[in-house]
Amino acid sequence: MKQYDVIIMGAGAAGLMCAAQALKRNKSVLILDKANKAGKKILISGGGRCNFTNLNIEPQAFISNNAHFCKSALSRYTQWDFIALLESFQLTWTEKTLGQLFCDQKSSAVLRGLLSECEGADIELNVETSAIKSEQGYILTTNNGAYQAQSLVIATGGPSIPKMGATDFGLQTAKQFGLKSVGFKPALVPLTFHQHDINTYFKDLSGLSLDAVVSCNNASFREGLLITHRGLSGPAILQISSYWHKGDYIEINLLPDLNAIEFLLDMQQKRGKAELKTILGEFFPKRLAERFANTLSAKKLADITLGEIKQHDLKAFGYCLNNWMLSPSGTEGMRTAEVCTGGVETNELSSKTMESNKHPGLYFIGETVDVTGWLGGYNFQWAWSSGWAAGQVV
């Protein structure tokens, strides 16, 4: 049986960061992964450009049953620390919208840098683990043989994007050791709608996009919204999907910079001979403007001049432009979800070290823990921070 100080299950962002830190403390480290390549999710992130962190990392950008849990790790290993690490690899970065940072040399360069930090570790791929026992530390039985270590770190992520081999292994392990967890649910995922809503609002408009504020359960995001053949996507929808639960409505403000009622009443005075769809066409793609004019109120108003529309009808329509209520039927599911909400319950773990409160030497990090960030580099930062925190003590 091969023996190590630390075994890390999962060669993703959190696992590699944890390994690099443990190696700095002269620990012997084994990284196991069932995939045929390390860092698969790193490679596809940000369209291959790796949105590796965000300038605006703050605890409010993370969803968890315990809003305070993420604070310790995030404050001790910050976005600036990871930026410094990237720069030590001689890599450069570009800020896109809303503080999102992307690597100019692409995702593969970030992964190469992380793997260079883990050069002293043994990395074994295509490994299936059939049993974990708590004996003299932890003993793993795999298709590659048996391994033993004092510290076992579960960094297997969540089950999003199953075609890449993602599973709920982390929660299965937590259950085996009697740790409570919150079931994984798709997050940062497109929303789907009932066929009636698709036929009414979205049919033949797939691919059109607009800027909007989308709200649900006291959360609001202003970003792009994209119409798909099954519903809605785009950054604003992906963000709100993490807060949406089945049965909830989402509210969309289609004109976030205007009080639509006041604007339309003013236009009625100034441009009464203009058709409503013409006025809306100054804000939305032409086909979308016409669809909104015909579907957002009880009456079809697209081909009517503003002067012909009764004031109470115009007010009702204006209200809908700022407060369009829609009821999604579901999401596109794990297949396309970028991450998951849920994971090992935070009250089962130390916020400082990520170690199980019940089982010394057992750690859970990254997406396996009930901490989920917003779109835009937040989940990578949680992986770096939680991996770093565990790496200081394993």
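**Aromatic rings in the fold**

Search the whole structure, and 17 aromatic pairs turn up. Keep in mind as you look around that this is a predicted model. To describe any pair of aromatic rings, you need the distance of the centres and the angle of the planes.

Let's start with Phe82 and Trp384. Now look at where the two residues come from: Phe82 belongs to helix H4 (residues 79–88) and Trp384 to helix H13 (residues 378–391), so the pair ties together parts that are 302 residues apart in sequence. As for solvent, Phe82 and Trp384 are both buried.

Next, go to Phe263 and Phe283, an edge-to-face pair with 5.3 Å from centre to centre and 85° between the planes. This pair, too, links distant parts of the chain. Phe263 lies in helix H9 (residues 260–270), while Phe283 is in the loop between helix H10 (276–280) and helix H11 (286–295), 20 residues apart. Phe283, with a relative accessible area of 36%, is partly exposed.

Ring pairs connect Phe193, Tyr201, Phe202, Phe284, Phe292 and Trp324 into a cluster.

One last stop brings in a charge. At Phe102, the charged end of Lys96 sits over the ring, 4.9 Å from the ring's centre.

Methods. Residues are numbered from 1 along each chain as its sequence is written. This is a predicted model: local features need pLDDT of at least 70, side-chain atom pairs count only at pLDDT 80 or more; totals for chains, interfaces and linings use all residues. Side-chain values use heavy atoms; hydrogens and water are left out. Rings of Phe, Tyr and Trp (its six-membered ring) pair if their centres lie within 6.5 Å; planes under 30 degrees apart count as stacked, over 60 as edge-to-face and the rest as tilted. Helices (H or I, at least four residues) and strands (E, at least two) are DSSP runs, numbered from the N terminus. Buried means under 20% relative accessible area, exposed over 50%, partly exposed in between (1.4 Å probe, protein chains only). A charge sits over a ring if NZ of Lys or CZ of Arg is within 6 Å of the ring centre and within 35 degrees of the ring normal.
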